[in-house]
Amino acid sequence: MSECLQTLHDYGLRAIGIGERLLPRTDFTLCDQFVLIGSGLIWNIYFGALALFFGFFLANALAVARSSRHAWLRKPSEWFIFLFRGSPLFIQFFVAYEALVQLPRAGIDIFGMTVQTSWMTRAWAGALFVLILNTAAYSAEIFYGALRNLPKGELEAADAYGMTGWTRFRRISWPTAMRLAWPAYTNEAIFLFHATTLVFFSSFPAFQQKGDSLYYASYFADKTFNPFVAYPIVAGYFILLTLCLISLFGVVNRRLNRHLPGPVRKIRYRPNLFR
């Protein structure tokens, strides 16, 4: 127990640069693997939480734009959603990395200033940027579908009360759309956190061995020649993370449906076989 506590003290926050700088080389214990992989999970949570936060607002803007009658708003939104939903996330990582590397070399100027994108070629920034765009496209399609299927009775009631424009959208359309879209959006949030493991395989490098959970799992698998310990630990951590997400989104779902009579059905995770 004391050795595990020491390992937790030495490597518990190593993924963010706190603790021992060097990774253990030999005599790997189960505690070492649990602690270091759990440390790397901090980055997966970082990618997922920030991408979900910024992607949520971008997705709402895209959904509203796609619902617009004006082609100059609707068409760019449709193209954006089609592009990121139609191409694999893994390819998006590679294309974004190459573009960010090539921009400074090409001498791209904006208002007379050369674009500097070297900081975006790191995983903490570049990979996060791609995840934001990707989840925004999928979430926008979910929100757009909800906006297209608003109950006519609620809209007619809003019209009867004299609500128009922004007032009707803020008080009726948007809350109802969120209530309808939330179960599907919960699945998208879970898919997004699972997709953060692809950052390890993308071109975006980790900084000073400060990698995610899969980075450390791969390290232990390579050193021990036994992938049947490290990778199940990663899976276990993500199962716990999924349960936390379901609980958190369930609280929001009950909040959104608090005005409805009767008990609100809980969100259950029913993964799709194909995305």
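Analyst: Buried denotes a relative accessible area under 20%, exposed one over 50%, and partly exposed the range in between (1.4 Å probe, protein chains only). The model is predicted, so local features need pLDDT of at least 70 and side-chain atom pairs count only at pLDDT 80 or more, while totals for chains, interfaces and linings use all residues. Residues are numbered from 1 along each chain as its sequence is written, and side-chain values use heavy atoms, without hydrogens or water.

User: How many salt bridges does the structure hold?

Analyst: A salt bridge places a side-chain nitrogen of Lys or Arg within 4 Å of a carboxyl oxygen of Asp or Glu. One of the pairs is Glu154 with Arg179, and another is Glu78 with Arg74. The total for the structure is 5.

User: Which residue forms a salt bridge with Arg66?

Analyst: The closest N and O atoms of this pair are 2.3 Å apart. Arg66 belongs to helix 2 (residues 30-66) and its partner to helix 5 (residues 123-148), so the bridge ties together parts that are 75 residues apart in sequence; helices are DSSP runs of H or I, at least four residues long, numbered from the N terminus. The partner of Arg66 is Glu141.

User: In which helix do Glu78 and Arg74 both lie?

Analyst: The side chains of Glu78 and Arg74 meet in a salt bridge at 3.8 Å, N to O. They are 4 residues apart, about one turn of the helix. Glu78 is partly exposed at 23%, and Arg74 is partly exposed at 22%. The element that holds both residues is helix 3 (residues 71-86).

User: How many residues apart in sequence are the parts that Glu154 and Arg179 tie together?

Analyst: The salt bridge between Glu154 and Arg179 spans 3.4 Å, N to O. Glu154 lies in helix 6 (residues 152-160) and Arg179 in helix 7 (residues 165-195), so the pair links parts whose separation in residues is 25.

User: Which residues do salt bridges with shared partners join into one network?

Analyst: Side chains of opposite charge can pair when their charged atoms come close. Through shared partners, salt bridges form one network of Arg74, Lys75 and Glu78.

Notes
Helix = DSSP H or I, 4+ residues; strand = E, 2+ residues; numbered from the N terminus.
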